[in-house]
Amino acid sequence: MNGECLCGSVRFRIQGSLPNLYQCHCSLCRKATGAAANAATLVPLEQFTWLAGEALIRSYQKPSGFRSDFCGQCGSPVPNTLRDTPLVWVPAGLLDENANTARVAVHLHQASAAPWELPLPQCSALSGGPDSLAQLQQLLQSRDHPG
């Protein structure tokens with residue numbers, strides 16, 4: 001599956017099947033995206049390849065460690081490696097729609113969701129973040145949710 005930023009300058013490929021997605025409703029993700037939630041997934045680093053535009057990527061990091069990578073031309077959020085892990089965070093909106101069979105499987109930080117937003121009943125919902133990356137990965141792998 002391929003993905004690209006809004007202007008098409010930053011492009012990447014993911015080999016293999018795509019894990020399910022999560023939506024994070026925390027205030028940082030809302031501010032970074034300008035949306036009610038940030039839809040993304042995590043893929044193993046060995047399945048991820050940059051195709052173009054890696055030199056155009058800019059990064060902003062808060063003292064807390066929250067990091068936002070984005071295309072220096074159009075501002076779209078782009079994938080980044082999760083700190084000291086072998087995982088790549090991938091914004092779902094950048095993925096080719098026709099090839100994407102993944103679905104939202106879990107909602108994170110529901111306790112800080114925008115007051116005008118309601119969770120979808122067919123998804124898992126946590127009042128905060130997962131206890132670990134392993135728990136998030138387990139929730140993303142669940143294919144037993146309704147819908």
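The structure is a predicted model, in which local features need pLDDT of at least 70, side-chain atom pairs count only at pLDDT 80 or more, and totals for chains, interfaces and linings use all residues. Residues are numbered from 1 along each chain as its sequence is written, and side-chain values use heavy atoms, with hydrogens and water left out. Helices (H or I, at least four residues) and strands (E, at least two) are DSSP runs numbered from the N terminus. Among these elements, the highest mean pLDDT, 98, belongs to strand β5 (residues 48-52), and the lowest, 80, to strand β11 (residues 124-125).

We turn next to the pocket. On a 1 Å grid over the protein atoms alone, a pocket is an open set of points where a 1.4 Å probe fits, with protein on both sides within 12 Å along at least five of seven lines; lining residues have an atom within 4 Å of a point. The largest pocket holds about 860 Å³ of space, a volume being the space filled by probe spheres set on the points. Its lining comprises 35 residues, with Y22, C29, F66, L82 and W89 nearest the centre. Elements that give two or more residues to this lining include β3 (21-24), β4 (38-44), β9 (87-91) and α2 (133-141). Helix α1 supplies the largest share, four residues. By class, 18 lining residues are nonpolar, 13 polar and four charged.

Three aromatic pairs are present (ring centres within 6.5 Å; planes under 30 degrees apart count as stacked, over 60 as edge-to-face and the rest as tilted). In one of them, F12 and F48 are stacked, at 5.4 Å centre to centre and 25° between the planes. This pair links distant parts of the chain, since F12 lies in strand β2 (residues 11-14) and F48 in strand β5, 36 residues apart. F48 also pairs with W50: the ring centres are 4.9 Å apart and the planes stand at 85°, so the pair is edge-to-face.

Technical notes. pLDDT = per-residue confidence, 0-100. Nonpolar A, V, L, I, M, F, W, Y, C, P; charged D, E, K, R; others polar. Phe/Tyr/Trp six-rings, centres within 6.5 Å; stacked < 30°, edge-to-face > 60°.
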